[in-house]
Amino acid sequence: MKRPITLFILPLLATALLAGCGGGGGGAPATGGAPVSGNVPDTPVLLASSSFQDRCQAPRAGIGFPDRQGTLADEQSFLRLWTDETYLWPTEVPPSRPADFSTAQDYFAVLKSPLLTATGRPKDRYHFTSPTTTWDDYEHGIELGYGLAWAANGSWYDLPRTWRLTSVLPGSQAQLAGLQRGDQLLEVDGRDFVQDGSDSTVLALYAALYPAADGEQHRFVLARGAQKFTVQLRAARLDVPPVQNTRVLDTPTGKVGYLTFNSHNTVAESQLIGAFKQLQAARVDDLVLDLRYNGGGLLAVASEVAYMVAGPASTDGKIFMHLLGNGKVRDYEPMPFLARSEGMDGLAPAQALPRLGLRRVTVLTGPGTCSASEAIINGLRGVDVEVNLIGGQTCGKPYGFYPADNCGTTYFTIQFHNVNNKGFGDYADGFAPTCWADDDLSRAQGDPQEGQLAVALRYRASGLCTAPASASAPLRASAAAPKLVPVQPPYSAVSVQRQR
């Protein structure tokens, strides 16, 4: 059985297999022995994390797993040493006693910087774990659920909750039940979703929205305007295409390509190549790349997208991204603009990628635009491609990691800061849009009248962000409606429990 981690750390793979919000790097830098922090008692100095890796309190059974019998202390020692070796800010990790934690995951949660940025946000907002099987499915575009994606006005404990659908997967249970983009969630299994903030309800809501088993059923009450309706949905393992809605829009000033791109995972490579071939054949003059719900993933895919947008004239001899680590390991190799396929998810490697050769691109953005998606923006700006952003402020993650699978859990800790060909990577608070525009949940993505796309087409034609004075109202962000952030699926129930 192939371990999912090999996708990210085999040193013979091209530097392409790097990731942002959702993944890691192609040739992981070699780590030597590292002094052990006082957080791991009775551990000899100069041991490497590899000395403790795969020594598990409860080894996985089955062919191909590297697990050996170990202890919780072994798993904690691996995490502490791995943090000392690779974490971007190792000196900022506060002391802690492993004995105070009953699981490796709980211990890992404190192995990060507690500092704040100048704007008061946590410096490290991207420290998380996932069951390895769940992460492997995600990277291959498989989701256990109903075919729904949500945007929310806050955390599980922010009341009243406002959750609305951003997309419904074609052919899914949700679509067959009649659910649509923009529907608002009111009740789950008889519990008040909007106003009930009790711990028991939060965990019940989580269990229903993120089912644990194929075939699990739950009842949902939703609203569409003044209309309320009830649906019973059965969970299933779904193939979720990361690339959707590829189309060519005929405008008075030329052909504009459009595509929705939601995840930088392994299946995205072949789908993106197909989409760009379609747009290349149509000879589009411009491109609107919809990344408003794309939280990141493999930086290899981001590099390929940037190349397919710009082509060789802008990118030959240039660097898509430099990776700056903590200085304890050898330098990371810079990532070029990838002009050939990497061969992900069964695609043949080394295929020449299609390219549009554009000097300008428009990106639809919002708070869900993160990591590898921001790397596309920064990478293209690093080679003087004009990138106009329409929508909202991006999340702000100029960092990435090499996920590590240990004993059935995949750990993600920030390990490098990425900068573009010009050396710029200072966007920890996100990229501000060129034009502010609401996420219009009343229309489908790709509809020229949808709020963000309408503003993008207007700006492309006139250089103006708002509608002319004769129009009924400018399409821009308003203070009246709650600002909704795409919901990234939590990877364990721990992530929805109240901080104490």
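Contact is taken as heavy atoms within 4.5 Å. Helices (H or I, at least four residues) and strands (E, at least two) are DSSP runs, numbered from the N terminus. The model is predicted: local features need pLDDT of at least 70, side-chain atom pairs count only at pLDDT 80 or more, and totals for chains, interfaces and linings use all residues. Residues are numbered from 1 along each chain as its sequence is written, and side-chain values use heavy atoms, with hydrogens and water left out.

Helix α7 was examined for its packing. The helix has 14 residues. From its first C-alpha to its last it reaches 20 Å, close to the 20 Å expected at 1.5 Å a residue (the expected span is 1.5 Å times one less than the number of residues). Buried means under 20% relative accessible area, exposed over 50%, and partly exposed in between, with a 1.4 Å probe and protein chains only. The buried residues of α7 are A268, E269, L272, I273, A275, F276 and L279. Seen down the helix axis, these buried residues fall within an arc of 165°, so they line one face of α7. The arc is that of the directions from the helix axis to the C-beta atoms. The buried residues of α7 pack against β12 (243-251), β13, β14 and α8. R283 follows α7 and has a positive phi, near 55°.

A nonpolar core is a set of buried Ala, Val, Leu, Ile, Met, Phe, Trp, Tyr and Cys residues joined through side-chain atoms within 4.5 Å. The largest such core holds 52 residues. Those touching the most other members are L259, F261, L272, F276, V305 and L380. Two or more residues each come from β13 (254-261), α7 (268-281), β14 (286-290), α8 (299-310), β15 (319-324), β17 (360-365), α10 (372-381) and β18 (386-391). Helix α8 gives the largest share, 10 residues. V305 touches F261, L272, F276, L289 and I376, residues up to four places away in sequence not being counted. Another core, of 27 residues, lies apart from the largest one and includes W156, V168, L222 and V231.

Aromatic rings were then considered. Rings of Phe, Tyr and Trp (its six-membered ring) pair if their centres lie within 6.5 Å; planes under 30 degrees apart count as stacked, over 60 as edge-to-face and the rest as tilted. The count comes to 25 aromatic pairs. Y87 and W89 form an edge-to-face pair, 5.7 Å centre to centre with 85° between the planes. Both Y87 and W89 are buried. The ring centres of Y332 and Y402 are 5.6 Å apart and the planes lie at 15°, so this pair is stacked. Y332 lies in the loop between β15 and β16 (335-336), and Y402 in the loop between β19 (399-400) and β20 (404-406), so the pair ties together parts 70 residues apart in sequence. Y332 and Y402 are buried. W150, W156, W163, F193, Y206 and Y210 form one aromatic cluster.

A charge sits over a ring if NZ of Lys or CZ of Arg is within 6 Å of the ring centre and within 35 degrees of the ring normal. The charged end of R161 sits over the ring of F193, 5.3 Å from its centre. K397 lies over the face of F401, at 4.4 Å from the ring centre.

Backbone features complete the description. The peptide bond from L159 to P160 is cis, with omega near -10°. P160 is in the loop between β5 (148-152) and β6 (163-168).
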